[in-house]
Amino acid sequence: YGILSKSVLKYFEDGYFETRDNRVCLTLHPKLWAWSDTDKSNAWMSVYANFYRDWRWDNTSIMKKQFYCHARFIYQLVEREWNLEPWRTEMDPIDCN
């Protein structure tokens, strides 16, 4: 899928861009179940640094909102795959997309 930095691998099993339903998403598989504020911040910065140069990266502010939404503990109980969708311009706080 590509080369992931050590900082990304600290928080995620893997991460990669893929196309789903003809739309691009950044798929992440988290290692943690509970995320401290520091974990969230460090993990976001590592994901950003690892992927933002990719041509598929877009709408950083929405991708960041999706990231933090997925990192909520309650979300972790339901879904172990995070999909950040750079094509979105808004986010639903219930499903994080």
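Hi everyone. Let me start in a loop: Asn-59 sits between helix α2 and helix α3, the latter covering residues 60-70. A word of caution before I go on: this is a predicted model, and everything I tell you today is computed from it.

So, Asn-59. Its phi is near 50°, which is a positive value in a residue other than glycine. Is Asn-59 buried, exposed or partly exposed? With 25% relative accessibility, Asn-59 counts as partly exposed.

Asn-59 also has an interesting partner, Trp-87. You'll find Trp-87 in the segment after β3. If we set aside its neighbours within four places in sequence, Trp-87 is in contact with Arg-23, Val-24 and Asn-59. Take Val-24 from that list: Trp-87 and Val-24 are 63 residues apart in sequence, yet their C-alpha atoms are 7.1 Å apart in space. As for the surface, Trp-87 has a relative accessibility of 31% and counts as partly exposed.

There is another residue with a positive phi to show you, Asp-21. Asp-21 is not a glycine, but its phi is about 50°. Asp-21 belongs to the loop between β1 and β2, with β2 covering residues 23-30. Its relative accessibility is 75%, and that makes Asp-21 exposed.

Let me step back to the whole chain for a moment. The protein has four helices and three strands. If you'd like dimensions to picture, the C-alpha trace spans about 30 × 30 × 20 Å along its principal axes.

What about the inside and the outside? Of the 97 residues, 39% are buried. The protein exposes about 5800 Å², and carbon and sulfur atoms supply 51% of that area. On contacts, consider those between residues at least 6 apart in sequence: 55% of them join residues at least 24 apart.

Now, charges. There are 13 positive and 14 negative side chains, and the centres of the two sets lie 6 Å apart. How many salt bridges does the structure hold? The answer is four, and I'll walk you through some of them.

Put together, Glu-18, Arg-20 and Glu-81 are linked in a network of salt bridges.

How does that network sit relative to the surface? Glu-18 is partly exposed at 23% relative accessibility, and Arg-20 is partly exposed at 33%. Glu-81, on the other hand, is buried, with a relative accessible area of 18%. The cut-off for buried is under 20%, so Glu-81 qualifies with its 18%.

Elsewhere, Asp-54 and Arg-56 make a salt bridge through their side chains, at 2.8 Å from N to O. Asp-54 has 22% relative accessibility and counts as partly exposed, and Arg-56 is partly exposed too, with a relative accessible area of 26%.

I'll finish with a pair of serines. Ser-46 is in helix α2, which runs over residues 37-51. Ser-46 is buried, with a relative accessible area of 5%. Which residues does Ser-46 touch, leaving aside neighbours within four places in sequence? They are Ser-7, Val-8 and Tyr-11.

That brings us to Ser-7, which lies in helix α1 (residues 6-11). Ser-7 has a relative accessible area of 35% and is partly exposed. To give you a sense of distance, Ser-7 and Arg-56, the arginine from the salt bridge with Asp-54, are 49 residues apart in sequence and 21 Å apart in space, C-alpha to C-alpha.

Conventions:
Residues are numbered from 1 along each chain as its sequence is written. This is a predicted model: local features need pLDDT of at least 70, side-chain atom pairs count only at pLDDT 80 or more; totals for chains, interfaces and linings use all residues. Side-chain values use heavy atoms; hydrogens and water are left out. Buried means under 20% relative accessible area, exposed over 50%, partly exposed in between (1.4 Å probe, protein chains only). Helices (H or I, at least four residues) and strands (E, at least two) are DSSP runs, numbered from the N terminus. Contact means heavy atoms within 4.5 Å. Accessible areas come from the Shrake-Rupley method with a 1.4 Å probe; for residues, only the protein chains shown count as cover. Lys and Arg count as positive and Asp and Glu as negative; His and the chain ends are not counted. The place of a charge is taken as NZ of Lys, CZ of Arg, CG of Asp or CD of Glu.
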